[in-house]
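Trainee: I would like to learn how to read a structure like this one, feature by feature. Could we look at the model together, slowly?

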2 protein chains.
Amino acid sequence: MSPRTQPGRTRERIYQYVRKQLQMGQPPTVREVQHAFGFRAVQTAREHLERLVKEGLLAKRPGKARGYCLPAGKQDGPPPVLIPLLGHVQAGNLNAAIEHPESYLPANARSADKLFALRVRGESMLGAGILPNDIVIVHSQPTAENGEIVVALVDDEATVKRLRLRRNRIELHPENPDFEPILPPPDRCSILGKVTEVRRFIDSPAN
Amino acid sequence: MSPRTQPGRTRERIYQYVRKQLQMGQPPTVREVQHAFGFRAVQTAREHLERLVKEGLLAKRPGKARGYCLPAGKQDGPPPVLIPLLGHVQAGNLNAAIEHPESYLPANARSADKLFALRVRGESMLGAGILPNDIVIVHSQPTAENGEIVVALVDDEATVKRLRLRRNRIELHPENPDFEPILPPPDRCSILGKVTEVRRFIDSPAN
DNA sequence: TTATCTACCAGACAAATGTCTGGTATGTAA
DNA sequence: TTACATACCAGACATTTGTCTGGTAGATAA
């Protein structure tokens with residue numbers, strides 16, 4: 001007989017394991033739970049799972065392979081999607097850049113279809129807490145609300161700015177007093193999308 | 001014999017169906033695909049799935065129930081890991097907080113074992129571009145280098161600050177002139193880890 | 001002491017599931 | 001015409017997977 005843990009301890013860890021697997025889109029079999037926790041009997045794993053169902057933490061489709069799931073309404077959301085981090089964006093080659101990204105960023109989102117990521121260059125958005133080399137995740141859309149931070153294409157150059165909607169044109173405002181707003185003619189500017197997330201990887205310190 | 005569709009048409013719809021099921025954490029069996037598309041033979045569904053695998057749009061674990069899945073991220077790296085976002089951290093309950101996370105954040109990392117995430121409260125790190133409600137991803141370690149941004153536990157309270165190492169003590173410096181450095185006695189302060197990433201979710205604009 | 005509960009093991013069996021083999025039917029190219 | 005490719009059907013079989021039955025062992029309460 002294997003060593004035992006205190007009541008409920010292993011079951012809690014099994015709950016987290018199942019939850020994590022479910023979020024990755026890979027619901028486990030009872031035997032996979034068995035092996036993940038080193039039990040020698042399938043029934044051990046099953047009993048923990050059944051207790052979790054009884055406690056309302058898990059639900060299940062009886063008799064179905066990989067049938068344990070989260071109760072309806074307790075979804076952590078869909079598994080991560082991979083958002084393409086684009087190297088360089090110019091007018092006309094957004095789709096090509098999406099298909100040849102520099103790398104991918106995982107994110108919790110329903111779909112990556114309308115999402116892409118860019119590196120921020122320059123310090124025009126310092127006041128909004130967006131630093132050079134930060135990565136912005138962008139939801140592709142041709143318009144945005146007044147005040148939203150957008151990625152716009154101006155004269156072939158992508159830029160991150162705060163959108164200001166005026167009566168007959170748009171303005172792209174920096175968040176840094178050292179920079180001037182951009183007031184592009186409409187035929188020379190298009191909105192690529194709205195910034196929905198900012199990410200920064202922190203390396204070694206400057207001291 | 002049932003009516004036929006033009007080549008590739010049904011397969012495209014099957015691809016979208018499988019993808020959607022996978023994103024919901026419910027990978028389908030071959031027979032579920034069969035029934036979803038009204039085929040009378042399992043093999044019809046299977047052949048479409050196998051063609052999708054051959055085209056690289058799907059991957060699969062052979063012989064496993066519900067084994068069709070999306071290809072591993074179209075990149076060479078490992079699949080994303082899920083980093084626990086902790087709700088509240090106090091001395092002594094870090095492990096408990098990790099086991100009851102508020103949610104998970106996907107990230108490209110070898111392992112999530114030594115990673116956790118916290119929400120930033122307050123404005124003491126504004127100057128470093130870290131705003132209130134930002135999320136910091138932390139690599140668990142008891143020490144860090146001079147100048148690194150760390151999460152430390154001071155008198156039961158977790159705080160994000162820049163570490164300054166002095167001869168016989170550590171200092172926790174804000175990046176905002178409105179705040180004073182923290183000079184804790186060593187027995188009342190411990191380093192939980194080093195900040196490796198900052199994330200910010202941007203909601204509706206303030207106008 | 002017995003009774004009960006929890007955490008584990010072992011084995012067997014039924015059903016779900018993946019897989020294979022053999023086939024029809026249609027369209028296109030040689 | 002034949003050959004080939006694609007989209008479908010039908011049936012059988014092997015394996016995976018869920019489930020059940022019977023058990024040990026430890027802790028606690030009556």
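Trainee: Does R188(B) count as buried, partly exposed or exposed, and what is its relative accessibility?

Mentor: Before answering, please keep in mind that this is a predicted model. A residue is called buried under 20% relative accessible area and exposed over 50%, with partly exposed in between. R188(B) has a relative accessibility of 43%, so it counts as partly exposed.

Trainee: Which residue forms a salt bridge with R188(B)?

Mentor: The partner is D155(B), and the closest N and O atoms of the pair are 2.5 Å apart. D155(B) is itself partly exposed, with a relative accessible area of 45%.

Trainee: How many salt bridges does the structure hold over all chains, and which residue does E55(B) meet in one?

Mentor: Over all chains there are 22 salt bridges. In one of them the side chain of E55(B) meets that of R11(B), at 3.1 Å from N to O. This pair links distant parts of the chain, since E55(B) is in the loop between α3 and β1 of chain B and R11(B) is in helix α1 of chain B, 44 residues apart. The two partners can be read side by side: E55(B) is partly exposed at 42% relative accessible area, whereas R11(B) counts as buried at 15%.

Trainee: What is the salt-bridge partner of E171(B)?

Mentor: E171(B) forms its salt bridge with R166(B), the closest N and O atoms being 3.1 Å apart. E171(B) is buried, with a relative accessible area of 8%, and R166(B) counts as partly exposed at 41%. In chain A, salt bridges that share partners join R166(A), R169(A) and E171(A) into one network.

Trainee: Now to helices: how should I think about the sides of one?

Mentor: An α-helix has 3.6 residues a turn, so residues three or four places apart point the same way. For a case here, take helix α3 of chain B, residues 42-54, whose 13 residues should span 18 Å at 1.5 Å a residue, which agrees with the 18 Å between its end C-alpha atoms. The buried residues of α3(B) are A45(B), H48(B), L49(B) and L52(B). They cover an arc of only 95 degrees around the axis, which means that they are on the same side of α3(B).

Trainee: What do the buried residues of α3(B) pack against?

Mentor: They pack against α1, α2 and β2 of chain B.

Trainee: And what should I expect of the backbone angle phi?

Mentor: Most residues other than glycine have a negative phi. After α3(B) comes G56(B), a residue with a positive phi, near 85 degrees. R66(B) is not a glycine, yet its phi is positive at about 55 degrees; R66(B) lies in the loop between β1 and β2 of chain B and counts as buried at 5% relative accessibility. D156(A), also not a glycine, has a positive phi of about 75 degrees. D156(A) is found in the loop between β7 and β8 of chain A, and it is partly exposed at 38% relative accessible area.

Trainee: In what sense do β3(A) and β4 of chain A pair, and over how many bridges?

Mentor: They pair in the antiparallel sense over five bridges, and P84(A) stands opposite Y104(A) in β4(A). Four of the five residues of β3, residues 81-85 of chain A, are buried, so this strand is largely enclosed by the rest of the structure.

Trainee: Finally, how is the size of an interface given?

Mentor: It is often given as the accessible area lost when the parts come together. Here chain B and chain A bury about 4,000 Å² between them, with 49% of it on carbon and sulfur atoms. On the side of chain B, Q23(B), L82(B) and Y104(B) lose the most area to chain A, together 15% of what that side buries. Counted by contacts, 45 residues of chain B touch 50 residues of chain A. One salt bridge is found across this interface, and R19(B) forms a salt bridge with D113(A), the closest N and O atoms being 3.3 Å apart.

Methods:
Residues numbered from 1 in each chain as written. Chains lettered and ligands numbered in written order. Predicted model: local features only at pLDDT ≥ 70, side-chain atom pairs only at ≥ 80, totals over all residues. Heavy atoms only, no water. Buried < 20%, exposed > 50% of the residue type's maximum accessible area, 1.4 Å probe, protein only. Helix = DSSP H or I, 4+ residues; strand = E, 2+ residues; numbered from the N terminus. Pairing = 2+ DSSP bridges. Expected span 1.5 Å × (residues − 1). Arc of directions from axis to C-beta. Contact = heavy atoms within 4.5 Å. Buried area = accessible area lost by both parts, 1.4 Å probe. Salt bridge = Lys/Arg side-chain N within 4 Å of Asp/Glu carboxyl O.
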